[in-house]
Amino acid sequence: MLAVDRITEDGTAVFSGELLQPGEVALTTGDTYTTPWIVITACNDGLDGVAHSLHAWERSLPAHPASQPVTLNVWEALYFDQDPDVVLDLVGRAARLGVERFVLDDGWFHARRTDTAGLGDWWVDRSVWPDGLKPLADAIHDHGMEFGLWFEPEMVNPDSDLYREHPDWVLQSTGRLPLPHRNQQVLDLTNPDAFAHVLEQISTVLGECAVDYVKWDHNRDLLEAGGTLRGGAPAVHDHTIGYYRLIDALRERFPRIAWESCASGGGRVDLGVIEHVSRVWTSDMTDALSRQRIQRGMVQSVAPEYLGAHVSATTSHQTGRTYTLAFRAATAVFGSFGIEWDIRKASESDLDELSRWIAWYKAERGFLHSGRVVRLDVADPAVLAHGVVAGDRSRAIIAHVQYEESSSNRGVWLRIPGLDPEARYALRWTGPQPAGDASRPDWDPILPGGPLGFEGMRPNRIMPWYFLVACADGTVAGYGVRVRPNALCFWQADTAGLTLEMDVRNGGAGVVLDDEPLDLATVVARAYDDADSFEAARRFCTAMCDDSLLPDGPVYGSNNWYYAYGVSSADNIAGDAAYLASLTADNAVRPYMVIDDGWQSNHRLGDYNGGPWRSGNAKFPDMAGLARRIADQGVRPGIWVRLLLNEDPSIPDDWRLPNGCLDPTHPDALAYIREDVDTLCRWGYRLIKHDFSTYDLFGRWGFQMNPWMAAESDWHYHDRSLTAAQVVKRLYEAILEVARPYGALILGCNTIGHLGAGLMHIARTADDERDLVESLRIASERPSHLRPLDWEHTDCPETWGEDADARDDGDGLRTVHYDWYDARGINYTTTPKRYISYLAFDE
């Protein structure tokens, strides 16, 4: 209870305390009464500041979750219709999506076919689960998931064995039962016998089934809640203490179980309960639109990682409203993410998208559940915006929610509190959903195309190596350089022509050439009037590279990085190879089993992933023997290596670059690298996946190379006569030369495809090849576009179509022509303000 009173004499007073009924707490001489905690916090930055102070306290609690698993609850999929075969089918489907916790909800216990019976009889109903719940728990654990189970410990149905034996164990005033709600009454936890009974029954189930998580529900109010041992006197205070005692007793008996507080949704979510649980169910209203405001309000007092937020059915069971999966998932991912949906009814495309949302949540939950929650003030009442800002102000993730139809289409400004006003930030779309899908494609002049789609001509756009132009007459033109040039190349295009930029530096400094000329690149230009964009791209790439190095047959198999992440062993790998062999027993072309990071002698998980590369560690004691074990099962051995990062103390300092990595232009360092590759091949590995070389050679990730791969500085390679492109090729050539006699394939990862074409059999394309396939598909179907009219004022055009002052192009459109090229040259900044496909200029 909270009251605020303005008193003339004393000013404003705030009163707070427990709301007790008459006679609920009676004190005699020597008795004491402890009030609930009164929590007071103040700040000077609004409600978000108040929320942050509460979240910081909650994150210090012993019960606070270290990480919230992706949860699937079967309630809205099955309700009371539990069939073991159906549930087991859902278990397999959930595991394939990436779910980490599977929860069996209401309906598993004695006589619980509807909400009219069974509460209080906490033993498994053998008519539904003939073998009990242990086989289900085992199946869930075998799929690598946690097993969760629903209880409502404080409730009892009149139609139950417990009530028929102990009707006096129900909270009630003298002589009558409270009005029923959901066909149930409340068990009196102030009664020691009732308390002990429910504690032992629940303990028995938890012990038999290896439960990892309990959803503790509470689906009715405490109405006329009198204790029978007290003559019907009010007992809510003592019952609440009994609830805390009961859950704490169970937590002590089962310390590995995580506990959720659920009470018809959010009916029991407060700062007292938070000290005893690691999750709360925010609301039984799972409609995503309604959840936007529910979660926005709930996060005022409870940190988002506690708030259960699930992707429900396409059409809401509560409201009948229908939403896209993207909207439902984006609503849920800021909380404790889960699924409340019969995924058997989901389409393959929905399941694919849902799996990508799950992967995104897993990647970002550490940040989402540790940063400072912000709720932005937006001028448009139809728009909601909220998100999370890092404690060090280095990054933020913000959700822009179009809650209702806006009165205009002018958009809104999002002013993000908590960022560093003097820092530079890269603004990037995040999440599995393409940015273009956030608006109506049929209303936008630029359709979503992904990284390979055609876009309107943009000044300053950087196009590495080559690009394609879709002309209005249907012709597709390509401009590029032949593979393996001696310079790092990119193109720019405007209405006046094309510009090819070539970086011939040696590291961050200039190259030192002798009197011999250096051929930088061979330009390739083609036009195709008989092919769509995809076919034109295929032909043009063939023109740039007519000497591809291809494997003899299909290359497929398993790489253990994305399910082991460096935590593995020789026996794990051998087991994976055996499983792979069993899946491909009838295939003439045999698969590869690639051992990723974690096998090398000096590997330190999360700290160091470099060499030496000439022996394994304790978990991989015999690398040659492991290659034989893999091969003996009919699987081809492969191995991962980061050749340029090596802390072998015998390596002299002058073999190294300024960043500590090996310099392949030093003859001795290159010989050392060649010997490492030879070691891997002699062990018996026939696919060499070499990684990180681009980062190790240039000191930048790809998104930082805009447009230059290395920043301007005085650093250079040992051999100053080589351009950076030649340095890269020298490394690739050495690796291939050593591996070729063994018949080993080369897989380049974090490599430069245009320089590696012809020097490696396979190149890693992206972290998620599904995006690449979709981009190629869209590019092949791409129509022509309207032209931008305002590009002389901005490098992000927003005005498209006709202009009365522009020249008629003869196709019904008038276009402003723009030429950004300056014959005197352009001064590019090596630290651009934005890390996207535009060039930043020095002013």
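**Close-up views of a predicted model**

The model is predicted: local features need pLDDT of at least 70, side-chain atom pairs count only at pLDDT 80 or more, and totals for chains, interfaces and linings use all residues. Residues are numbered from 1 along each chain as its sequence is written, and side-chain values use heavy atoms, leaving out hydrogens and water.

**View 1. A nonpolar surface patch includes Val-14.** Val-14 sits in strand β2, residues 11–16 (strands are DSSP E runs of at least two residues, helices H or I runs of at least four, both numbered from the N terminus). Patch residues have over 30% relative accessible area and no salt bridge; nonpolar side chains (Val, Leu, Ile, Met, Phe, Trp, Tyr) are joined within 5 Å, like charges within 9 Å. A salt bridge here puts a side-chain nitrogen of Lys or Arg within 4 Å of a carboxyl oxygen of Asp or Glu. Areas come from the Shrake-Rupley method with a 1.4 Å probe; for residues, only the protein chains shown count as cover.

**View 2. Trp-357 and Trp-360 pair in helix α10.** The structure holds 27 aromatic pairs. In this one, the ring centres are 6.2 Å apart and the planes stand at 75°, so the pair is edge-to-face. Rings of Phe, Tyr and Trp (its six-membered ring) pair with centres within 6.5 Å; planes under 30 degrees apart are stacked, over 60 edge-to-face, the rest tilted. The two residues are three apart in helix α10 (residues 348–368), about one helical turn. Trp-357 is buried at 5% relative accessible area. Trp-360 is buried too, at 12%.

**View 3. Trp-715 and Tyr-717 form an edge-to-face pair.** Their centres lie 5.1 Å apart, with 75° between the planes. Both residues are buried.

**View 4. Six aromatic residues form one cluster.** The members are Trp-599, Trp-613, Trp-640, Trp-683, Tyr-685 and Phe-692.

**View 5. Thr-475 lies in a loop.** The loop runs between β19 (466–470) and β20 (476–481). Thr-475 is buried, at 16% relative accessible area. Leaving aside residues up to four places away in sequence, Thr-475 touches Val-469, Ala-470, Ala-527, Tyr-528 and Asp-529 (contact means heavy atoms within 4.5 Å).

**View 6. Cys-43 is partly exposed, and Cys-661 is buried.** The relative accessible area is 34% for Cys-43 and 3% for Cys-661. The structure holds zero disulfides (a pair of cysteine sulfur atoms within 2.5 Å).

Key:
Buried means under 20% relative accessible area, exposed over 50%, partly exposed in between (1.4 Å probe, protein chains only).
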